[in-house]
Amino acid sequence: MYNGQQPIFIMKEGTERTSGRTAQSNNIAAAKAVADAVRSTLGPKGMDKMLVDSMGDVVITNDGATILKQMDITNPAAKMIIEVAKTQEQHCYDGTTSAVVIAGELLKRSEDLIEQNVHPTVICDGFRLAAQKANELIENHSKDVSENILTEVAKTALTGKSAGAVKEFLADISVRAVLSVSQEDEDGVVVNLDDIKVEKKQGGSIGSSTLIDGIILDKERVHSGMPRSVSDVKIALINSAIEVKKTEIDAKIQITDPNMLSQFLDEEEAYLKSLVTKIQSAGANVLICQKGIDDLAQHYLAKAGIFALRRAKKSDMEALSKATGGKIVTNIDDLSSTDLGLAAKVDERKIGESDMVFITGCPQAKSVSVLLRGGTEHVVDEIERAFKDAIGVVAVANEDKAVLTGGGSVLAAISRDLRAYAEGIGGREQMAIEAFSGALEVIPRTLAENAGLDPVNTIIDLRKAHSEGKSNFGVNVYDGGVADMSAANVFEPSRVVEQAIQSATETAVMILRIDDVISSRASSPMDGGDFDGFDM
Ligand code: ADP
Ligand code: MG
């Protein structure tokens, strides 16, 4: 009793609040559930998931970030784990499943420590120390990058995806694509992945995918009377419609005599013709328009021998402008020869069932396109995701010039080194660092599990190899046991592992520090509150 006073409510009625251990264990349970949801997809022998959204659309994928994006998750702690995957994808393109699985395992091990009365802040301190040490260790284990290694990095990223069957082929395309857009400046190599345009076309085999030195547009020329192919190209890039302008307001014209009608139509015709004449007299032989082109204008363009496309995407217009040096013009009256972009050739080719336009030999910026093919929509979509991972990791490896051996080898090595490091720390933080060290083994363990191997034996073999200093030894998912991952050519960019450990740790720490969850009840219209009331 508070001196006989009434209890004080500081929050709105209906607000839910959990605190202390309950809050912690709820959060940890939610985070672990997310990690468990993607675990089975990890590694070369990981399985795929079929996701069906509320509209009935199906996505079949092995990609951690894609799975988590598609899942309709509302729990706040679970959402924080999904952020780990997003961050990983943004910075490194790959390693999303690993990052989430490590975060889940860190939390699982923290739970054991909390039960042993280790305070969460001590766990957080230990985890931070361990992550920092892990970062240093990653640098020590990193290897230099040659062009051969880049291909192996791409192959490692493609392994276990549906693209895995043609990984040699796709790895080769991704390395060639990245190398041709890599630029050297004083800070080293920079790769802008926007310079690699990925187009997909369903139909045909994956093996008929190609790399084109230029830009591909999934469009066809607007009129069959236009040339199918143009050399010595001068492109006009226009972002307004080539149509008779419609008035903003509804206007009526009264036509009282047939001459007036034909005069009216003649004027429209003359206007469209003048637009085409302007494009022609600027010297353009190709027109790419972001908006529509009137039928009659199409006819005049065809007569003038101009190859024209309409409704190009804004991003394509920008890419074309960059590659050809052309300026995007809004007002055709302003178009002059200096605005035109240059290319060696523009031609329309039949790809599968439809036509696509290829713009090649662009002199300005280096820009390449990859045309991905695959039997069905689901296949090409998943090939595209895997391929984007591949160009992403190749770009990262080429920029950083640092890779590590995969298959859980580096994590096993770091785990070993952290155990030794923990001994020098002592106290309860030592327990946290040891827990961290153990948590990193979740990757080799899961790789073994997913490959149908005995996870306990695999970890024992792995620890033995690493205690003998065989730091490149990882899980042999094909024949069982452990093997030298450098001999097996399993390489991944150091940045992928570094980022995975860092964001997993940060998120685990953030979740561990929460001991109070206050969630306000979604307000219903009759509650008042934020509700403005009915409009009367
Ligand atoms: P993520 O989303 O984390 O990239 P993946 O399903 O792509 O998940 O699996 C990546 C893991 O698979 C990495 O630990 C990588 O080292 C491992 N891996 C890839 N290829 C091999 C291989 N040939 N042998 C063993 N492990 C491999
Ligand atoms: Mg991967």
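**A cavity and its surroundings**

Let me begin with the largest cavity, whose lining is made up of Ala 412, Glu 441, Ile 459, Leu 462, Arg 463 and His 466. Please keep in mind that this is a predicted model. Sorted by class, the residues lining that cavity are three nonpolar, one polar and two charged, and helix α15, which covers residues 455–467, supplies the largest share of the lining with four residues. The volume of this cavity is about 30 Å³, and the structure holds one cavity of 30 Å³ or more.

Now to the nonpolar cores. Which residues touch the most other members of the largest nonpolar core? In that core of 61 residues they are Phe 127, Ile 414, Phe 436 and Ile 501. If we set aside neighbours within four places in sequence, Phe 127 is in contact with several residues, among them Leu 106, Ala 432, Phe 436 and Leu 512. There is also a second, separate core of 37 residues, which includes Cys 92, Leu 193, Val 403 and Phe 491.

Next comes Asn 476, which sits in the loop between β17 (473–475) and β18 (482–484). Is Asn 476 buried or exposed? Asn 476 counts as buried because its relative accessible area is 15%, and buried means under 20%.

Finally, stepping back, the domain assignment gives domain 1 (11–143 + 404–519) and domain 2 (214–364), and their centres, taken over C-alpha atoms, are separated by 53 Å.

How values were computed:
Residues numbered from 1 in each chain as written. Chains lettered and ligands numbered in written order. Predicted model: local features only at pLDDT ≥ 70, side-chain atom pairs only at ≥ 80, totals over all residues. Heavy atoms only, no water. Helix = DSSP H or I, 4+ residues; strand = E, 2+ residues; numbered from the N terminus. Buried < 20%, exposed > 50% of the residue type's maximum accessible area, 1.4 Å probe, protein only. Domains from an automatic or database assignment. Core = buried A, V, L, I, M, F, W, Y, C linked by side-chain atoms within 4.5 Å. Contact = heavy atoms within 4.5 Å. 1 Å grid on protein atoms, 1.4 Å probe; cavity = no way out; pocket = protein on both sides within 12 Å on 5 of 7 lines; lining within 4 Å. Points joined across faces, edges and corners; volume = space filled by probe spheres on them. Nonpolar A, V, L, I, M, F, W, Y, C, P; charged D, E, K, R; others polar.
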